[in-house]
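I opened this entry to look up aromatic rings and a helix pair. My notes follow in the order I took them.

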Amino acid sequence: MSVTNLRLKYPGEDAPLLFQGVSFSIEPGEKVLLLGPSGCGKSTLLQVLSGIVPNIVEIPLKTDNIQTPSSSGYVFQDPETQFCMPYVDEEIAFVLENLQVPREEMPARIAYYLELVGLQLGDTHTLIRNLSQGMKQRLAIASVLALEPEVLFLDEPTALLDEIGTEQVWETIRRISAEKTLVIVEHKISGILGLIDRLIVMSPDGGLLADGQPQEVFEAYKQQMIDYGIWYPGVWDDNEMELVSGDKNEDKAAPFIQTAAPVMTLRDFVGLRGGQIKTSVDNLSVYPGDWITVVGANGAGKSSLLLAIMRLIPTHGSCWIEGVKGSKVEQLAEQVGFVFQNPEFQFVTNSVEEELAYSLPEAEQGRDEQRSALERLLREYDLLALRKRHPFQLSMGQKRRLSVASAMVRGPRILLLDEPTFGLDARGTMRILQQLERLRASGTVIVMVTHDLEIVKRCATRVWQVEDGHVEEWPAENLPASAAHAPEGAAMLCK
């Protein structure tokens, strides 16, 4: 597998070539990790190496020579784009039929591949649309493993998985990949450094910054990785002070001291999907300045909790929010911001700047003030160069930045975020956490679903655990030391 002098440009784009003379080869059996900042072309390069581009997705490219593998499987960043069938068992059966596996052997094979990725279902004939995003990701991986490919292309295969699921998937890949070639794009690098033997680092313009053994590359190019916002070992510790103080060019946000009055109270509150209870809360109150991380296994009901609070699914019981009269989504939206797990669900316009302008409140001092606010947002979320691009044409990390920016722009009293940092590079993650901390310090409530334990440890003032749909709060003594409440109820700064 190799490419020589690759040049590629998206149709209709004014930007320069995404790849300008990229050349490298991958030997059979190599385990390669591609790292780089969001939007540098990692996913596109993976699709070029696999032959998806331009054979299936027609994007103009030029190359002196390219050799793609004859037997490969591809796990996409978004599992929704991968499925061909409506049911779980049918999705894997579709693969097995193409491999001419006898029908009588299929049930055992289907059960085997689902077990490999830890996808436990009472009935394998389950509608895929009823699975959580993390469960869908496991199914996508299982269907690719069913191909028994010689080369595996993995585009952030664990981005939506909990810690147990992430380790389970990588352990599965370790077991089955001894003789296989792996080419991986992944931001969650801590779990796979022992698996890979080669690291290729891309620069923001799509060029190759480094190529070599992982430890040597991390040591030799650490400063460039810091400058470009690329994940590397120790990045959380290196950013600890900036998480506390925010942007070094801005004043540190003053901590917000909790008041006795809650801004949201949930009592005997239930969210339903398909007539079944998916999330339930007995009695919990939320106060100004809370940063609540919502944790739990894939499929436990974390996303359903946020959807229920926002009344995007049917509910029973009481969810009182200060200042909200009624329970319609448009009434809630005056006080509550929402960030979907899939950022595309939020977009309603045809360009990045239109999306942000649509979300901006009407400026009291007219268009000049609104234009100034728009320019500030574009800079803060690193979207200036993308302002004219359609939201659907962004990379996953860029879409995520836009979705968070559009939800935060009105300064809501409560901000509900469903995995807001997945798919982001290190710079994008730290920038969003700093923005959230500034809002929290001014009194905004943050309720964030996350699988990232570093965020739980460093940012949360409270933790809600969801198990089988039921929400319970961690006792203060069970919190990591840096996430415990400050004395006398003061919410701590992100540590």
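**Aromatic rings**

I found Y74, F76 and F153 linked into a cluster by ring pairs. The model I am reading is a predicted one. I noted 7 aromatic pairs in the structure.

I looked up Y74 and F153 next. Their ring centres are 6.1 Å apart and their planes stand at 25°, so I wrote the pair down as stacked, the cut-off being under 30 degrees. Y74 belongs to strand β6 (residues 72-75) and F153 to strand β7 (residues 151-155), so this pair ties together parts that are 79 residues apart in sequence. Are these two residues buried or exposed? Y74 has 8% relative accessibility and counts as buried. F153 is buried too, at 0% relative accessible area.

I then turned to F338 and F340. F338 counts as buried at 10% relative accessibility, whereas F340, at 22%, counts as partly exposed.

**Helices α3 and α4**

I looked up how α3 (residues 88-98) and α4 (residues 106-116) are placed. Their axes come within 10 Å and cross at roughly 110°, which means that α3 is roughly perpendicular to α4. I recorded the crossing of α3 past α4 as right-handed.

Which residues make the contact? On α3 I listed V88, D89, I92, A93, L96 and E97, and on α4 M106, R109, I110, Y113 and L114. Sorted by kind, the residues of this contact of α3 with α4 are 8 nonpolar, no polar and 3 charged.

Key
Residues are numbered from 1 along each chain as its sequence is written. This is a predicted model: local features need pLDDT of at least 70, side-chain atom pairs count only at pLDDT 80 or more; totals for chains, interfaces and linings use all residues. Side-chain values use heavy atoms; hydrogens and water are left out. Axes are lines fitted to C-alpha atoms, for helices over the stretch in contact, and angles run from 0 to 180 degrees between N-to-C directions. Helices (H or I, at least four residues) and strands (E, at least two) are DSSP runs, numbered from the N terminus. Angles under 35 degrees count as roughly parallel, over 145 as roughly antiparallel, 65 to 115 as roughly perpendicular and the rest as oblique. A crossing is left-handed if the near helix is turned anticlockwise from the far one by less than a right angle, and right-handed if clockwise. Contact means heavy atoms within 4.5 Å. Ala, Val, Leu, Ile, Met, Phe, Trp, Tyr, Cys and Pro count as nonpolar, Asp, Glu, Lys and Arg as charged, and the others, Gly among them, as polar. Rings of Phe, Tyr and Trp (its six-membered ring) pair if their centres lie within 6.5 Å; planes under 30 degrees apart count as stacked, over 60 as edge-to-face and the rest as tilted. Buried means under 20% relative accessible area, exposed over 50%, partly exposed in between (1.4 Å probe, protein chains only).
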